Number of protein chains: 2
Amino acid sequence: MTAETPEQLFRKTLHARGYRVTPDRLRVFRHLLARPQPVAVAELADALQAEGTHPVTVYRVIDCLSALGVVHPVLLGSAVGFELSAPFRAHHHHLWCRGCGRLFDLAECELDPVIRRIEEVHHLKVEGHELTLEGLCDRCAARSEA
Amino acid sequence: MTAETPEQLFRKTLHARGYRVTPDRLRVFRHLLARPQPVAVAELADALQAEGTHPVTVYRVIDCLSALGVVHPVLLGSAVGFELSAPFRAHHHHLWCRGCGRLFDLAECELDPVIRRIEEVHHLKVEGHELTLEGLCDRCAARSEA
DNA sequence: GCTTAATTGCAAATTTATTGCAGAGAGGGT
DNA sequence: ACCCTCTCTGCAATAAATTTGCAATTAAGC
Ligand SMILES: [Mn+2]
Ligand SMILES: [Mn+2]
Ligand SMILES: [Zn+2]
Ligand SMILES: [Zn+2]
C-alpha cells in the first residue's frame, strides 16, 4: 500500500461532503500546499488569475475550503490570511517579527495542557486554536542585544 | 491621591508621544472602553458617525492607537477586530463558539511558561501574543452532550 | 451519453480602506 | 488671551476588497 497523497485526501474530503472536485478547487489547493506562509484572499486571487482562475471563484473556493475545515484564518498583523489546516499541514503557530516584518512558523505546540485546563474550568469544548506571537525573530533579537 | 482614570492615562500616552488629544480620539477611546468585545473598524466607523466623527477619521484614529499600542487586532472568525490593550483592558484571550457564533473573553492566561520556553529554544524575544480558541461555549457544549 | 444540480464567469453593486489637499484646531510660547 | 506652527480633520475622489444575480458551463450519477 502506498501512502495517500494530500491531493487524494483533498478529493476525498470534497467528495465526502457533497462538494464537487473542480479544476479551480484543485488549483487553489495546490497553490496553498506549495506555499510556506498564509495568504490574504485578495493576494491569492491575484496570483491565481495568472493560472486562469477567476478572482470571484477564489473567494468562493476559500469559503468552501473554510466550511470543510481544509483551511483556517491566521492573523497577519492587522489583516487575515489563510493556510492549510491539519492533516494537510502540521499544526503550528506563528511569530510576527516587529523588527523585519516577517512571519515565522513555530513548529511546536505545547498548549494542550493549558487548553484542557481552560475547558474544565469553563465547561467548554475546544476544537481548535490559533496563536500568534509578536516580538523579535532570532536574527532581530540578536541584533538588538548589541 | 486618587487613582488615575483610564482616560487620564490615555491623554498622557498621547501626549508622551507627541500626539494631540482631540475630541475624535477621545470618542473612539471611550467607545472602546465601554465596549465588551472587539470591533471591526468599519463597524466602529458606522457607530461613531452618529456621534459626529467622520468615518475617515476613525480609520486614522485606529492607526494612531495601533501605533501607540493602545489597541491591538483580534481574529474574529475570518475578519479582524480591535480592542483595548493593557493597561486599559486586562490581558485576556477569546473563545469563538461554533455553536452560537458568539465571542467570549477568557480571563486567564497561563501561557507565560510556554512562551518563555519558546523564546529559549528559538532565541526569540516575544513581546505580545494573541490566542483565539474555537469550539463550543459552556451553553452550547452542555446542549450537545444530550 | 443524458440529466440534474453544483459550480463558474461576467458585470454590477457594495463595502471597506486610502489619498490629497485645504481648512480647523491643539499646544506651546509670549 | 493671542499667535504661531504643526497636527489633525473633513471632504471628495479614488482605489481596493468582497458580494451578488443570473446565465452558461460542467462534474457526477445513472
Ligand atoms: Mn504557518
Ligand atoms: Mn476581548
Ligand atoms: Zn525579524
Ligand atoms: Zn455557544
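## The manganese site

In this predicted model, the manganese ion (ligand 1) is coordinated by A:Glu83 (OE), A:His92 (NE2), A:His94 (NE2) and A:Asp105 (OD), at 2.1 to 2.6 Å. Donors here are N, O and S atoms within 2.8 Å of the metal (3.2 Å for Na, K and Ca); water is not among the atoms, so sites may look incomplete. Along the chain, the donors keep the spacing E-x8-H-x1-H-x10-D.

A:His92 sits in the loop between strand E2 (79-84) and strand E3 (93-97) of chain A, and A:Asp105 in strand E4 (residues 103-106) of chain A, so the pair ties together parts that are 13 residues apart in sequence. Strands are DSSP runs of E, at least two residues; helices are runs of H or I, at least four; both are numbered from the N terminus. A:His92 is buried, at 9% relative accessibility. A:Asp105 is partly exposed, at 29%. Buried means under 20% relative accessible area, exposed over 50%, partly exposed in between (1.4 Å probe, protein chains only).

## Contacts with DNA strand D

DNA strand D is surrounded by 16 residues. The closest are A:Arg20, A:Tyr59, B:Arg25, B:Thr57 and B:Arg60. Near means that a heavy atom of the residue lies within 4 Å.

## Conventions

Residues are numbered from 1 along each chain, chains are lettered from A and ligands numbered from 1 as written. Local features need pLDDT of at least 70, side-chain atom pairs pLDDT 80 or more, while totals for chains, interfaces and linings use all residues; side-chain values use heavy atoms, without hydrogens and water.
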